[in-house]
Amino acid sequence: MKFIAPFVLFIGIAGLGFSVYDFFTSNRWEGPEYFWLGFVALPVIFVGFILTGIAYRSKIIKSNEEILRAQMRAVGQGLKEGLSDSGHYCSNCGHQYERDAKFCSECGNLLEDPKS
C-alpha cells in the first residue's frame with residue numbers, strides 16, 4: 001500500500017499534466033485529442049491522495065507527536081494562566097489590576113511589581 005498509493009497519485013498528476021499539455025498545444029481547428037484525460041485524472045489524484053494519507057498516517061502521527069504534545073502543553077499553560085485569578089490587587093484601594101499595569105486604574109497608586 002505504501003508503494004501503490006503514491007504511484008496512483010503520480011499517475012493522476014501525470015495524466016492531468018498530459019491533458020493540460022495536449023489542450024494548450026492542440027491545433028485551433030482540430031481541438032485537443034486527450035482532453036478527456038483530465039476528467040479521469042482528477043478523481044485518480046483524489047484517490048491517490050486519500051490512499052497515501054491512509055498509508056502514511058501512522059508515520060506522520062509519530063513524527064509530529066512530540067511537537068503536538070509541546071503545543072498542547074503550551075495551550076494548556078496559557079489557558080491555566082488566563083483563567084486563573086491573578087491575585088493582583090492594589091494595596092491602596094483593593095482594586096484588581098492587570099499583570100502588566102504600572103498604576104492602579106481606580107486610584108492612580110503606583111503598583112508594586114508582583115515578581116519582586
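Trainee: What makes the radius of gyration of this protein stand out against a compact globule of 116 residues?

Mentor: The protein has 30 Å, whereas a compact globule of 116 residues would have a radius of gyration near 13 Å. The radius is taken over C-alpha atoms, and the globule rule is 2.2 Å times the number of residues to the power 0.38. The C-alpha atoms fill a box of roughly 90 × 40 × 20 Å along the principal axes. Bear in mind that this is a predicted model, where local features need pLDDT of at least 70, side-chain atom pairs count only at pLDDT 80 or more, and totals for chains, interfaces and linings use all residues. Residues are numbered from 1 along each chain as its sequence is written, and side-chain values use heavy atoms, with hydrogens and water left out.

Trainee: How many helices and strands does the protein have?

Mentor: Three helices and zero strands, running α-α-α from the N terminus. Helices (H or I, at least four residues) and strands (E, at least two) are DSSP runs, numbered from the N terminus.

Trainee: Why is T52 called buried?

Mentor: Buried means under 20% relative accessible area, exposed over 50%, and partly exposed in between (1.4 Å probe, protein chains only). T52 has 17% relative accessibility, so it counts as buried. Buried residues make up 15% of the 116 residues in the protein.

Trainee: Where does T52 lie, and what is T52 in contact with beyond its neighbours within four places in sequence?

Mentor: T52 lies in helix α2, residues 36-55. Leaving those neighbours aside, T52 is in contact (heavy atoms within 4.5 Å) with A5, P6 and L9.

Trainee: How many aromatic pairs are there?

Mentor: The count comes to six. Rings of Phe, Tyr and Trp (its six-membered ring) pair if their centres lie within 6.5 Å; planes under 30 degrees apart count as stacked, over 60 as edge-to-face and the rest as tilted.

Trainee: Is I60 buried, partly exposed or exposed, and how do you know?

Mentor: I60 has 45% relative accessibility, so it counts as partly exposed. I60 is in helix α3, residues 57-83. I60 and Y34 are 26 residues apart in sequence and 37 Å apart in space, C-alpha to C-alpha.

Trainee: What about E98: why is it called exposed?

Mentor: E98 has 60% relative accessibility, so the label is exposed. E98 lies in the segment after α3. E98 and P6 are 92 residues apart in sequence and 54 Å apart in space, C-alpha to C-alpha.
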